[in-house]
Amino acid sequence: MVNIVKITDYMSNDLINLDLKAGNKTEVLKELSALIGQSDTITDNGVTHKALVEREELGSTGIGKKVAIPHAKTDAAERLTIAFGISKKGVDFASLDEEDVKMFFVFASPLRDSQIYLKVLARISRLIRNEEFRNKLLAVKTPEEVLECIEEEENI
């Protein structure tokens with residue numbers, strides 16, 4: 001059987017913020033960097049933030065449908081780590097569809113882990129195409145519900 005990459009294997013309750021306060025792209029990247037930096041797998045929050053900003057400078061990770069996937073490969077990540085945040089009011093993230101972003105999947109990966117990094121990016125991209133899934137995620141009330149919602153979708 002093929003080893004399936006599960007997003008929830010790289011997430012935890014303490015890396016989920018359901019009420020991001022940032023009002024713009026710069027602020028939200030700082031807030032998301034601080035969030036993911038709470039993980040013991042991230043050795044340097046500043047380096048991670050810089051890597052996320054540099055990736056965004058190449059082109060927005062706002063993929064549309066109110067979702068962005070800021071991501072970076074960095075030596076500050078000991079292993080792939082994923083954080084998740086919701087902005088209730090939305091943030092202008094220069095998305096492809098020009099809509100404000102409300103959901104952020106942010107992840108950092110070691111430079112050496114290209115395969116897993118690409119698999120997770122593809123998996124998140126595929127899951128968020130489903131409008132019902134996006135609506136469920138926007139309606140969650142607790143970090144536990146986020147993980148349950150993603151896990152449920154991954155098992156379909």
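At what angle do helix H1 and helix H2 pack, and how many Å apart are their axes? H1 (residues 25–36) and H2 (residues 45–58) pack at an angle of about 140°, with their axes 9 Å apart. This is a predicted model: local features need pLDDT of at least 70, side-chain atom pairs count only at pLDDT 80 or more, and totals for chains, interfaces and linings use all residues. Residues are numbered from 1 along each chain as its sequence is written, and side-chain values use heavy atoms, with hydrogens and water left out. Helices (H or I, at least four residues) and strands (E, at least two) are DSSP runs, numbered from the N terminus.

**The H1–H2 pair**

- Two packed helices are described by the angle between their axes and the distance between the axes.
- H1 and H2 pack at about 140°, which makes H1 oblique to H2.
- Axes are lines fitted to C-alpha atoms, for helices over the stretch in contact, and angles run from 0 to 180 degrees between N-to-C directions.
- Angles under 35 degrees count as roughly parallel, over 145 as roughly antiparallel, 65 to 115 as roughly perpendicular and the rest as oblique.
- The H1–H2 crossing is right-handed. A crossing is right-handed if the near helix is turned clockwise from the far one by less than a right angle, and left-handed if anticlockwise.
- From H1, the residues Lys25, Leu29, Lys30, Ser33, Ala34 and Ile36 meet H2. Their partners in H2 are Asn45, Thr48, His49, Leu52, Val53 and Glu56. Contact means heavy atoms within 4.5 Å.

**Helix H1 by itself**

- The twelve residues of H1 should span 16 Å at 1.5 Å a residue, and the end C-alpha atoms are 16 Å apart, which agrees. The expected span is 1.5 Å times one less than the number of residues.
- Val28, Leu29, Leu32, Ser33, Leu35 and Ile36 are the buried residues of H1. They cover an arc of only 160° around the axis, which puts them on the same side of H1.
- Buried means under 20% relative accessible area, exposed over 50%, partly exposed in between (1.4 Å probe, protein chains only). The arc is that of the directions from the helix axis to the C-beta atoms.
- Thr26 and Lys30 are exposed on the other side of H1.
- The cover over the buried residues of H1 includes E1, H2, E5 and E6.

**Helix H3**

- H3 has 14 residues and reaches 20 Å from first C-alpha to last, close to the expected 20 Å.
- Its buried residues are Tyr117, Val120, Arg123, Ile124 and Leu127. They span an arc of only 135° around the axis, which puts them on the same side of H3.
- Those buried residues of H3 pack against strand E4 (71–73), E5, E6, H4 and H5.
- Lys119 also lies in H3 and is partly exposed, at 43% relative accessibility.
- The C-alpha atoms of Lys119 and Val5 are separated by 6.8 Å, although the two are 114 residues apart along the chain.

**Helices H4 and H5**

- The axes of H4 and H5 come within 9 Å and cross at roughly 165°. The two helices are therefore roughly antiparallel to each other.
- H4 passes H5 in a right-handed crossing.
- Phe133, Lys136 and Leu137 in H4 meet Val146, Cys149, Ile150, Glu152 and Glu153 in H5.
- H5 (residues 143–154) has twelve residues and reaches 17 Å, close to the 16 Å expected.
- In H5, the buried residues are Val146, Leu147, Cys149, Ile150, Glu153 and Glu154. An arc of only 160° around the axis puts them on the same side of H5.
- What covers the buried residues of H5 includes strand E1 (16–17), strand E5 (81–91), strand E6 (101–109), helix H3 (114–127) and helix H4 (131–139).

**His71 in strand E4**

- His71 lies in strand E4 and is buried, at 7% relative accessibility.
- His71 touches Leu52, Arg55, Thr61, Phe107, Tyr117 and Leu121, not counting residues up to four places away in sequence.
- His71 and Glu56 are 8.4 Å apart, C-alpha to C-alpha, and 15 residues apart in sequence.

- Most residues other than glycine have a negative phi.
- Lys65 has a positive phi near 60°. Lys65 lies in the loop between strand E2 (62–64) and strand E3 (67–68), and is partly exposed at 44% relative accessible area.
- Lys66 has a positive phi of about 70°. Lys66 lies in the loop between E2 and E3, and counts as partly exposed at 30%.
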